[in-house]
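Hi,

Here's the structure I promised to send over. Have a look at it first, and then read my notes below.

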Amino acid sequence: MVIATLKDIAELANVSTATVSRVLNEDETLSVGDETRQKIWQIAESLDYKKAVRKLPNRKILLIHWYSQQEELDDIYYQAIRLAMEEHGKKKNLVITTLYQQIPTELEEDIAGICAIGKFSDGQVTQLKKFEKPLVFIDSNQMSNQADSVTVDFNYAVQQVMAEAEKYETIGFLGGKETTQDQKQILDDPRELLFRAAVTQSGKYNEAAFYTGSFSTASGQALMNQAISEHGDNLPTFFFCANDAIAIGAMRSLQDANIQVPERVSLIGFNDSNVARYVYPALSTIQVDTEALGSIGLNLLVERMDGNVGITQNISIATRLIKRESTKK
């Protein structure tokens, strides 16, 4: 086994061996920047240099959440992303502080990076970039604003839904509208846009079978009540719901109207929330790996903090169709 030396570390860090020695011996009188100190410790640990027994100092991450704490409880999709980030951060000696529903006007000096979860307006993105800190967005593609992001591959998700939908004679959609955290921009849901295009291409598109409300159980129930009232015996035999909450509300409406699921109407949700498998009948849904969204987002932020990322990146996470009892076999 090759044993690393001070010279090896010095060459990789582009400093003198004396500087490496003084840094590893924690000489506080040495006039060298924190970035250089950090780099030397990282190289020493990567080479398994025996002198480098100290852990890297904890770095502070600011997590900005577009939801309030109450909204997060109502939509555990974003809660799952945050919890995954916090758990992954512990393994990387990161200290994560969360701000709910606010963009700070100034940062503490020791904040090393920023991760923003949710949907933010162009103005908010600009404000965050002004801090000149490593910055990553999760669940919001900010490539146009030259910011790193981790997002869901909605195109592949809709392809999975359509593979099921094409088995049915008539197709409907129940969705929701969102705005950015500051309420300044109305957002088009890519699930709805892509599904409209796919159903149109299949020749089964009917505008009257597409409904939009909010991303809640109550909205799903109200939208399905409206669909039952308007279509009667011609109610579509398949509905794609933009999230599980909408699908569960829609299922409740169908059951109240004595409409059998999936014998008369089949449903597919989105997110695979914890409750999806426990409703009756169990909900077929598109599974999104929220743990991957959180951990990959944090990894990308750390790489940016360490200077290991060049061009702006958007990392897209694949989805998986989970078939349960709300769709026909």
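One thing to keep in mind: this is a predicted model.

Let's start with strand β1, which covers residues 59-65. Of its 7 residues, 6 are buried, so the strand is largely enclosed by the rest of the structure. Strands β2 and β3 both pair with β1. β2 (residues 94-100) runs parallel to β1 and is joined to it by 7 bridges; in this pairing, His65 stands opposite Tyr100. β3 (residues 111-117) is also parallel to β1, with 6 bridges between them, and here Ile64 sits opposite Ala116.

Next, find Asn243. You'll see it in the loop between β10 (238-241) and α10 (244-256). Is Asn243 buried or exposed? Its relative accessibility is 5%, and buried means under 20%, so Asn243 counts as buried. The side chain of Asn243 reaches the backbone nitrogen of Ile246 at 2.9 Å. Beyond its neighbours within four places in sequence, Asn243 is in contact with Phe215, Gly269, Phe270 and Asn271.

Finally, there's the second largest pocket, with a volume of about 560 Å³. It is lined by 31 residues, and those closest to its centre are Lys119, Asp139, Ser140, Leu187 and Pro190. What kinds of residues make up the lining? There are 11 nonpolar, 11 polar and 9 charged ones. If you want to trace the lining, α5 (76-91), β5 (148-152), α8 (190-202) and β11 (266-271) each supply at least two of its residues.

Cheers

Definitions and conventions
Residues are numbered from 1 along each chain as its sequence is written. This is a predicted model: local features need pLDDT of at least 70, side-chain atom pairs count only at pLDDT 80 or more; totals for chains, interfaces and linings use all residues. Side-chain values use heavy atoms; hydrogens and water are left out. Buried means under 20% relative accessible area, exposed over 50%, partly exposed in between (1.4 Å probe, protein chains only). Helices (H or I, at least four residues) and strands (E, at least two) are DSSP runs, numbered from the N terminus. Two strands pair if DSSP finds at least two bridges between them. A polar contact is a pair of N or O atoms within 3.5 Å; within protein, one must be able to donate a hydrogen and the other to accept it, and residues adjacent in sequence count only if both atoms are side-chain atoms. Contact means heavy atoms within 4.5 Å. On a 1 Å grid over the protein atoms alone, a cavity is a set of points where a 1.4 Å probe fits but cannot get out, and a pocket is an open set with protein on both sides within 12 Å along at least five of seven lines; lining residues have an atom within 4 Å of a point. Grid points are joined across faces, edges and corners, and a volume is the space filled by probe spheres set on the points. Ala, Val, Leu, Ile, Met, Phe, Trp, Tyr, Cys and Pro count as nonpolar, Asp, Glu, Lys and Arg as charged, and the others, Gly among them, as polar.
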